[in-house]
Amino acid sequence: MERFEIGQDIRLLRPIERTGRAFWIFAGILMAIGLWGVFAWTTQLRRGLSVTGLNVPVYWGLYITNFVFFIGISHAGTLISAILRLSHAEWRRSITRAAEVITVLVLFFGMGCVILDLGRPDRVLNVLKSGNFTSPLLWDVLSVTMYLTASTIYLYLPLIPDIAILRDYIPRRRWFYRPLALGWTGAPGQQRVLNRAIAVMAVIVIPIAISVHTVVSWVFAMTVQPMWHSTIFGPYFVVGAIFSGIAAIIIAMAIIRKAYHLEEYLKPIHFNNLGILLLVMSLLWFYFTFAEFLTTYYGSEPAHMSIFLSKTEGKFSPLFWTMAVSCFVIPFLLLANNRTRRTIWGTVAASISVEIGMWLERFLIVVPSLSRPRLPLSAPSYSPSWVEWSLLAAFIAMFILLYAVFTKLFPIVSIWEVHEGREHSVNEVTARVQSYLPAMPEPVHE
Amino acid sequence: MAIDLDRCTACQACVVACQVENNVSPAGAEQWEEGRAISWLRLVPFQDGEHGTRPDLRLMPLPCMHCQRPPCTKVCPVKATQIDREGLVAQVYPRCIGCRYCTTACPYTVRHFNWTQPQWPRPMEQALSPDVSVRPTGVVEKCTFCHHRLQRAKDNARMEGRALREGDYVPACVETCPAEAMVFGDLDDPASAVTRLSQSPRAFRLLEDLGTEPKVIYLSKGESGGKV
């Protein structure tokens, strides 16, 4: 059996072979935040949802906001990487894996948020036992499960050749990598099957990803509540999801690049290209938001207007305008300008702004519509409790920790795909460009 | 159910009767401050008065509307709330997972969630109604139109070998109302008092334009009927 010639890409194995003290300190801090979350959760299990800030009529708050937010982030990965693969975007090679891992991991936390929100988490299996197919929440269960399955397969398939490399290059962890490599040798027959399977999964995963966030939006849109019952919610949520997803990839890439010194693999051009995508999504997000609010404003139905005004000039207005600035103004200014977009800090700053803005957007969809019910009700306004904030912090910390652990077990930049790009794609792209053009003379064969 | 707002004095006897009948634990000041008090029947303010005159602020009792097309039942992921054969919207406490989708979907905000274990000050815990189960923490509950009374009335009718008659069963709120503002009966029976009242020119249903088809009918004179 011939060993894959790894060449200069051997440096991609370095994070897996050696773990420094900084990593352990970092992991320790994240673990501590996670344990704090466990404490918060046991408090909630003991005393019920009374430990949250929820009330009548704001029955949903931070947990549902985080659910929508995390499921949104999950569109980072698989969807973007599938689109880039299918469109033969050659610059994808060193970023697809980093994106796909985000999807798989963050989905667990998205589903976790729903469990946190249940009054009776012990009865969650009733959803399978007596599922009601008219409930959008059940559609969610189905499509998120499907998405998790598909995106796990989609992460694993391109990982197989890299696991085989690890099996051959890191003998002391052979017991771990050998079974996962499924006897990969890199034979042309195997490669053909793998490429085919990846291509099929890339096609399958796109409609599933779109269905996931559409269905999440329908949880709201299928009710008659003001400013939830909207026909554009499906596409609006999908756009927001891809938007926050791309921002998440950019942030993750910047951290990986810095921590593992992968400057040669994650170049400013990658950030620039993702920055252009982020700019497009920012404009789309603005378009959808503007269309939604202008339509509501012109319709002027009192029940809708009461929510509308609470967002634009009432008690939610500081959050609303922060959202508008951080989802649109800041990213637009940073990304429309070549000078800032072509720097890594420019795209990262825009991405952080987008993440904050998109979390606020989710919050502003969930809470204001519930805060002003159609029939008057005297109730205090909702402010999340320490339990809810702690669990958000713990989920983010555990997500980062699991992501970091992944980078310690598997190469976060796909070795074989970068290798393939170097060996074959340069010629392939030349041939492809030639095929587009009419007047190229046929190459002369001797 | 028909509620005549021109007779209602907003005395809240119905609210108290409901609370006692259905083992709803009395909420303390803390629960009211947190906005977590459970009341299956509450009074809602609305404005009354002709256009151009000084409006009166009045109160209307608000039980579950038992909609014919309820927005709550179709969103429940586990079929824990369903419309039963009598047309009542029922809640299955042992199955409810506490996701509170029904509470957010209900445009009347009449569904309640059990944030904590219900508690009764001594000796009230010895006076609980044996016909009604005490709901556990973490599930949703709401007005049942005193469904347990319907069960009992049906049993009695069966023992006497006859069909259910008008007046065999009324919910506790209706029974209590000192102003006789609340009337209860079978809306499917063309001869019943509620059917007659539902055809009155004073009759309206709450948030009728949402198409939920409530089975609670309000009666009020004047053009402001239905405006909240």
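**An aromatic contact and its surroundings**

A: Phe109(A) and Phe399(A) are both buried, a term that stands for under 20% relative accessible area, with exposed meaning over 50% and partly exposed the range in between (1.4 Å probe, protein chains only). The model is a predicted one, in which local features need pLDDT of at least 70 and side-chain atom pairs count only at pLDDT 80 or more, whereas totals for chains, interfaces and linings use all residues; side-chain values rest on heavy atoms, with hydrogens and water left out. Residues are numbered from 1 along each chain as its sequence is written, and chains are lettered from A and ligands numbered from 1 in the order in which they are written.

Rings of Phe, Tyr and Trp (its six-membered ring) are paired if their centres lie within 6.5 Å, and the planes are called stacked under 30 degrees apart, edge-to-face over 60 and tilted for the rest. Phe109(A) and Phe399(A) make one that is edge-to-face, with 6.3 Å from centre to centre and 85° between the planes. Phe109(A) belongs to helix α5 of chain A and Phe399(A) to helix α17 (residues 386–409) of chain A, so the contact ties together parts 290 residues apart in sequence. Helices (H or I, at least four residues) and strands (E, at least two) are DSSP runs, numbered from the N terminus.

Helix α5 of chain A, the helix that carries Phe109(A), covers residues 96–117; at 1.5 Å a residue its 22 residues should span 32 Å, and its end C-alpha atoms are 32 Å apart, which agrees. The expected span is 1.5 Å times one less than the number of residues. Of the 22 residues of α5(A), 18 are buried, so that this helix is mostly covered.

Trp60(A), Phe220(A), Trp228(A), Phe233(A), Tyr236(A), Phe237(A), Tyr287(A), Phe288(A) and Tyr101(B) make up one aromatic cluster.

In chain B, some rings lie under a charge, which requires NZ of Lys or CZ of Arg within 6 Å of the ring centre and within 35 degrees of the ring normal. The charged end of Arg36(B) is placed over the ring of Trp115(B), 4.9 Å from its centre. Arg100(B) lies over the face of Phe113(B), 5.0 Å from the ring centre.

Salt bridges form another set of contacts. A salt bridge is a side-chain nitrogen of Lys or Arg within 4 Å of a carboxyl oxygen of Asp or Glu, and the structure holds 24 of them over all chains. In one, Arg11(A) meets Glu264(A), with the closest N and O atoms 3.7 Å apart. That pair links parts of the chain 253 residues apart, Arg11(A) being in the segment before α1 (14–17) of chain A and Glu264(A) in the loop between α11 (233–260) and α12 (268–299) of chain A. Glu417(A) and Arg85(A) form another, at 3.0 Å between the closest N and O atoms. Here Glu417(A) is in helix α18 (residues 415–436) of chain A and Arg85(A) in helix α4 (residues 77–86) of chain A, 332 residues apart. Both Glu417(A) and Arg85(A) are buried.

A further salt bridge joins the side chains of Glu90(A) and Arg93(A) at 2.7 Å, N to O. In chain B, salt bridges with shared partners connect Asp4(B), Asp6(B), Arg7(B), Arg58(B) and Arg202(B) into one network.
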